[in-house]
Amino acid sequence: MSDIIAKLEKTKLLGRGGAAFPTHLKWQMVLDQKSDTKYIVANGSEGEPATEKDGYIVEHYPELLVEGLRIALETIDNSSAFIYLRKDYFKKYKANLKKIIGDLPIEIFEEKGGYLSGEETMVCQEIEAGLLRPRHKPPFPGQVGIFGQPTLINNIETFYYVAKIARGEYHNEKMYTIVGDVKNPGVYELSGELSVKQVLEQTKNYPDFKFYTQVGGGASGTILLSSELTIPAQGSASIVVYNQAKTDPYELMEKWIKFFMAENCDKCTPCREGTYRLAEMIKNKQIDKEHFEDLLFTLENTSFCALGKMVVAPFRTLADKILKL
Amino acid sequence: MSKNKKTFFIKINSNPYRAKEGQTVLDVALKNKIFITRLCYHPDTVIQGSCRLCLVEIKGKKGLFTACNTQVEPDMDILTDSEAISRAKKTNLELIFTEHCEECNDCIYRYGCTIKKFAKDYDVKINKFPDRKKDHPVHDFGPALQFDAKKCVDCGICVDICKKVGACFLEYEKVGDFYEVVPSSKPDKDCIYCGQCITHCPVGAFEGVGEFEAIEEPLRQKDAGKTVVFQFAPSIRSTIGEEFDMPHGSIVTGRLIGAIKQLGIEHVFDVSVGADVTTIEEAKELIERLGDKKATLPMFTSCCPGWVKFLEFYHPEFIPHLTSVRSPQIIMGGLIKTYWAKEKGIDPKDIIVISIMPCVAKKYEIERPENMIGDIKPVDHVLTTREFAQLLKKNKIDLKNVKAVNPDPFLGVPTGAGVIYGASGGVMESALRTAYKMITGKKLPQLELEQVRGIEGFKKTEIDINGTKLKVGVINGAANAKIILDELKENPRAYDYVEMMACFGGCIGGGGQPVPVNDEIRKKRAQGLYNVDTRNNIRMADESVFVKNLYKEFLADHDNVHKVCHTKFSKKDKEVYPKNYKK
């Protein structure tokens with residue numbers, strides 16, 4: 001096993017894109033493939049609302065990102081890399097990144113699509129200039145990725161911590177994005193072992209009013225009540241605070257469902273038609289519990305890609321905990 | 001990984017089945033005749049995975065899986081039915097029905113609607129939600145076919161099959177909140193009218209123009225004092241039986257003639273006779289071109305109007321390669337309105353020729369001004385196999401029970417060579433049988449050219465004619481033409497003669513043929529035609545008594561040959577735009 005992969009395993013680094021897959025396994029999978037061309041992608045699609053940490057890293061620590069990529073290029077044989085950025089990040093940070101990259105084989109790629117383009121197989125479709133619809137997994141990009149070649153796709157934050165691990169400077173930190181009804185919104189780098197409550201307290205954001213939170217994304221995150229904040233922040237580790245008195249749950253749901261409907265690819269039945277039916281129910285403020293549950297069940301169990309499955313958590317938890325349907 | 005794929009057992013509903021590495025759960029189920037609900041799966045296209053109906057459970061794994069794209073693993077234990085599966089299927093079906101405006105009486109699946117059956121199986125309320133697409137447009141694709149977006153369930157098969165054909169005309173576009181299937185508005189994309197979208201769409205969103213609302217109109221011309229004449233294409237005899245629950249590939253030539261006569265039609269002709277004339281003319285042109293150093297070679301066949309449109313629009317630089325010989329339907333229609341009309345003493349303007357064709361592009365072909373004989377249109381109406389079958393059903397005529405009748409003797413009986421036109425390779429085989437004899441004075445030692453038969457999309461071979469090797473290619477599925485066109489750009493003499501058909505398997509797989517269709521069905525339909533040829537005493541166009549007479553009496557006049565048997569082609573601009581598209 002390579003030195004860095006052993007360190008990734010020892011530090012138990014998990015992917016920071018949201019799915020929390022062990023990084024060392026991903027690296028090893030790509031390393032194990034026999035191919036004279038391999039690709040590495042630092043995924044900076046960051047399409048989830050209320051998540052800004054990848055942009056924060058590209059702005060403040062671009063050297064560490066490139067260093068993480070350099071380590072991956074050295075580890076994965078026959079490889080070249082992409083820094084894959086959503087449109088605004090591409091415009092803002094391209095020039096500076098180019099300077100830092102120098103003559104390393106790293107291309108800066110501007111994403112064409114939106115939220116869904118952060119999904120791994122979509123990253124491959126984007127770079128291949130193919131139809132912007134996800135591919136079936138398996139095979140995983142680690143086996144069959146860009147142009148059919150083994151492809152290592154990690155989040156920008158993951159590469160940032162790879163560099164830190166190589167330097168011996170990683171102590172289980174995590175990037176948190178805190179937004180919503182808070183005094184000190186922003187991106188914070190704190191211990192990954194903290195509970196949501198501790199994160200809010202340490203950043204002087206713990207509200208003094210009745211509130212609930214959405215953790216793990218401003219659209220796909222789970223609703224956690226103030227009494228449930230003793231667990232660590234999951235997913236992309238974003239925390240949105242909602243002032244309960246000032247938040248209309250239907251408006252909130254409408255915002256989410258509009259987002260999902262705009263961002264999905266309309267390939268599969270449950271995600272295309274199911275989100276539309278949810279939108280209609282929410283718009284009319286007529287939620288038939290049985291229909292609602294059937295739609296969520298079907299989205300969760302039969303959607304083609306992760307997007308459709310991710311629609312479920314916010315609605316189900318809001319319906320259970322706030323609307324008490 | 002070893003080349004030999006591992007085989008192992010999996011369980012489906014507790015029964016063991018042999019499976020092979022790389023197969024999907026659906027592959028194994030289909031092979032063992034285990035039914036799994038599915039809508040967006042078609043063996044002709046890549047896996048779509050979009051309908052989300054082929055749901056299964058895998059013991060030990062959480063959630064539901066789609067059988068179409070889940071690969072088998074050793075000892076996999078699969079359930080095709082459970083409460084969770086039914087619940088999810090029912091919900092997805094309800095959602096599918098919100099996209100599909102029912103128009104059942106006029107649908108090509110009126111007797112075999114898959115989603116209606118599923119609705120019963122899963123107790124689906126088909127109107128649980130209002131129709132989302134009720135205001136969607138109907139797109140007209142020239143005089144050939146239509147796409148009713150109100151019925152589309154977004155499965156993606158049509159986009160894929162259109163790409164596989166080579167037209168790439170159907171695509172996804174964001175319309176309002178949704179990505180939808182639309183005909184392309186791009187100037188460099190156009191419909192070639194093959195109609196493969198019709199025979200592959202699982203819910204009848206595509207149909208021929210007039211299908212089925214206008215099928216009775218042509219017959220009404222009889223009441224207006226016209227002489228109505230029917231002619232039917234070579235392939236119809238081996239496909240229309242399917243519409244009457246007969247086995248695939250059943251030959252029903254005599255019954256078909258009998259059925260047409262039961263509609264009150266006196267004169268019925270076989271387009272295979274026209275094909276025999278096409279063969280003679282095409283063999284003559286081939287020999288001429290081969291003997292002329294300045295002539296354009298290879299020569300391409302031109303009896304498939306979908307392929308012709310493909311070439312005229314996408315590769316006009318190759319137009320000089322097309323034979324000028326008209327298609328069998330146009331030649332036959334022309335003979336009816338000239339030779340036969342004269343013999344019968346009927347004014348051609350009082351004759352209405354109705355073709356039964358395997359094809360919706362034939363509806364387009366009859367409108368081509370290049371095919372006119374002066375101010376006479378050789379063919380007035382085209383009914384597809386499906387449309388004609390529906391016309392019989394409307395008239396309560398069951399083809400199975402119709403007594404066989406011989407064809408009208410005046411325009412003769414076809415040779416075996418005229419009948420095999422309906423299968424990919426058939427035109428080539430017929431023309432070569434005759435060309436060989438014209439050049440060598442002898443019959444081909446083996447009349448069956450097995451090398452050009454079969455449903456493979458691209459076939460090539462060499463035929464030895466007096467020591468000269470004639471290089472021939474056969475294409476079905478217009479996209480495969482690219483193989484040959486690319487090769488010709490590199491090496492202009494890579495071929496001498498090429499047969500091209502837009503549809504998979506040739507006319508037996510045409511866009512006007514019965515549904516469903518797949519490779520197995522295409523093989524059986526083609527075999528039916530080859531059987532007719534084998535059983536025929538006369539298997540070469542030039543040996544047909546009728547054809548010999550025709551060349552003595554009518555086609556001895558060069559002017560007649562020119563106006564009845566030859567046409568021209570030209571570069572085509574885009575013809576089809578989405579509905580309400582502003583250029």
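The model is predicted.

Chain A was examined for its overall form. Its 325 residues would give a radius of gyration near 20 Å if they formed a compact globule. The value for chain A is 20 Å, so the chain agrees with that expectation. The C-alpha trace of chain A spans about 55 × 45 × 35 Å along its principal axes. Chain A contains 13 helices and nine strands. Of its 325 residues, 50% count as buried. Contacts were also sorted by separation along the chain. Among the contacts in chain A with a separation of 6 or more, 65% join residues 24 or more positions apart.

Chain A is divided into domain 1 (3–167), domain 2 (173–243) and domain 3 (249–323). The C-alpha centres of domain 2 and domain 3 of chain A are 23 Å apart. In the contact between these two domains, domain 2 of chain A supplies eight residues and domain 3 of chain A supplies ten. On the domain 2 side, the elements that give two or more residues are β7 (211–215) and β8 (222–225) of chain A. Strand β8(A) gives the most, with three residues. By class, this side of domain 2 of chain A has four nonpolar and four polar residues. It has no charged residues.

Chain B is likewise assigned domains. These are domain 1 (7–81), domain 2 (97–208) and domain 3 (220–565). The centres of domain 1 and domain 2 of chain B, taken over C-alpha atoms, are separated by 26 Å. Their contact takes ten residues from domain 1 of chain B and twelve residues from domain 2 of chain B. On the domain 1 side of chain B, four of the residues are nonpolar, five are polar and one is charged.

The two chains also touch each other. Chain B brings 23 residues to this contact, and chain A brings 20 residues. On the side of chain B that touches chain A, the elements with two or more residues are α2 (83–99) and β9 (178–183) of chain B. Helix α2(B) gives the most to this side, with nine residues. The side of chain B that touches chain A comprises ten nonpolar, seven polar and six charged residues.

Notes:
Residues numbered from 1 in each chain as written. Chains lettered and ligands numbered in written order. Predicted model: local features only at pLDDT ≥ 70, side-chain atom pairs only at ≥ 80, totals over all residues. Contact = placed C-beta atoms within 7 Å. Helix = DSSP H or I, 4+ residues; strand = E, 2+ residues; numbered from the N terminus. Nonpolar A, V, L, I, M, F, W, Y, C, P; charged D, E, K, R; others polar. Domains from an automatic or database assignment. Rg over C-alpha atoms; globule rule 2.2 N^0.38 Å. Buried ≥ 20, exposed ≤ 12 C-beta atoms within 10 Å, placed from the backbone.
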